[in-house]
Amino acid sequence: MPTPTPPHRYAADPLVVAQDGVATVHQLMDLGCASSAIAAHCRPPGPWRRLLPRVIVLQTTDPTPQQRLRGALLYAGPDALLTGPAALALYGLEAVPSPAALAKVDVLVAHRATPRSQAYVRVHPTVRPALRVPVRNMACAPLPRAVADAIPHLGSKAAVAALLREVTERRLCRPAELRTEARAAQLPSLWVSD
């Protein structure tokens with residue numbers, strides 16, 4: 001009978017390392033870990049824990065903000081993109097909370113393959129696919145799209161104004177790009193006035 005692979009060996013796998021210590025159940029099975037071993041490793045006291053359905057963080061400590069973002073992408077599927085405040089924080093905008101302060105992480109997915117929102121992941125199905133922009137090794141929506149997706153969740157006109165001011169003053173995108181995206185997202189025109 002073969003000796004089972006120790007759990008720490010899976011955590012050291014290049015795929016898992018590249019994904020910040022987070023993997024899907026299917027990825028772990030492809031690495032040779034049996035589903036029964038995955039389930040056993042996720043029971044207290046560990047050494048792993050379930051982050052989301054079908055997504056495992058290969059540690060027992062609380063996930064880092066980066067691991068939460070990675071887990072959201074893995075949960076939502078291979079074509080998922082971070083959008084809204086999470087993407088904007090990765091882009092380096094200061095007018096939105098840091099990833100550590102976000103209660104929800106917004107992901108954009110194709111309408112035909114929509115998983116349900118789960119735990120801290122808020123899934124946004126779309127019929128308007130966006131280009132994949134790698135930002136800090138994470139798949140993000142383009143900046144104008146992320147801005148438009150963030151606006152409904154910012155909570156106040158002042159927060160929206162601060163975001164739009166930062167984006168335009170830093171010349172991260174043009175006002176025309178923001179207006180085009182806001183029209184496509186059917187946002188009220190007051191959010192994109194000059």
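**Entry 1, cysteines.** I am working with a predicted model. I started with Cys173, which is buried at a relative accessible area of 6%. I then looked for the closest cysteine sulfur to that of Cys173 and found it in Cys140, 14 Å away, which is too far for a bond. Next I turned to Cys33, and this residue is buried as well, with a relative accessible area of 3%. For the sulfur of Cys33, the closest cysteine sulfur sits in Cys42, at 8.8 Å, so this pair is also too far for a bond. A disulfide needs the two sulfur atoms within 2.5 Å. With that cut-off, my tally for the model is zero disulfides.

How many bridges join strand β2 to strand β3? I noted three, between residues 49–52 (β2) and residues 55–57 (β3), and the two strands run antiparallel. I picked out one of the pairs: Arg50 has Ile56 in β3 as its bridge partner. The hairpin leaves two residues between its strands, and there I found Arg54 with a positive phi near 70 degrees.

I finished in strand β6, which covers residues 121–126 and holds Thr126. Is Thr126 buried or exposed? I have it down as buried, because its relative accessibility is 12%, and the limit for buried is under 20%. I also listed what Thr126 touches once neighbours within four places in sequence are set aside: Leu108, Val109, Ala110, His111 and Arg145.

Definitions and conventions
Residues numbered from 1 in each chain as written. Predicted model: local features only at pLDDT ≥ 70, side-chain atom pairs only at ≥ 80, totals over all residues. Heavy atoms only, no water. Buried < 20%, exposed > 50% of the residue type's maximum accessible area, 1.4 Å probe, protein only. Pairing = 2+ DSSP bridges. Helix = DSSP H or I, 4+ residues; strand = E, 2+ residues; numbered from the N terminus. Contact = heavy atoms within 4.5 Å.
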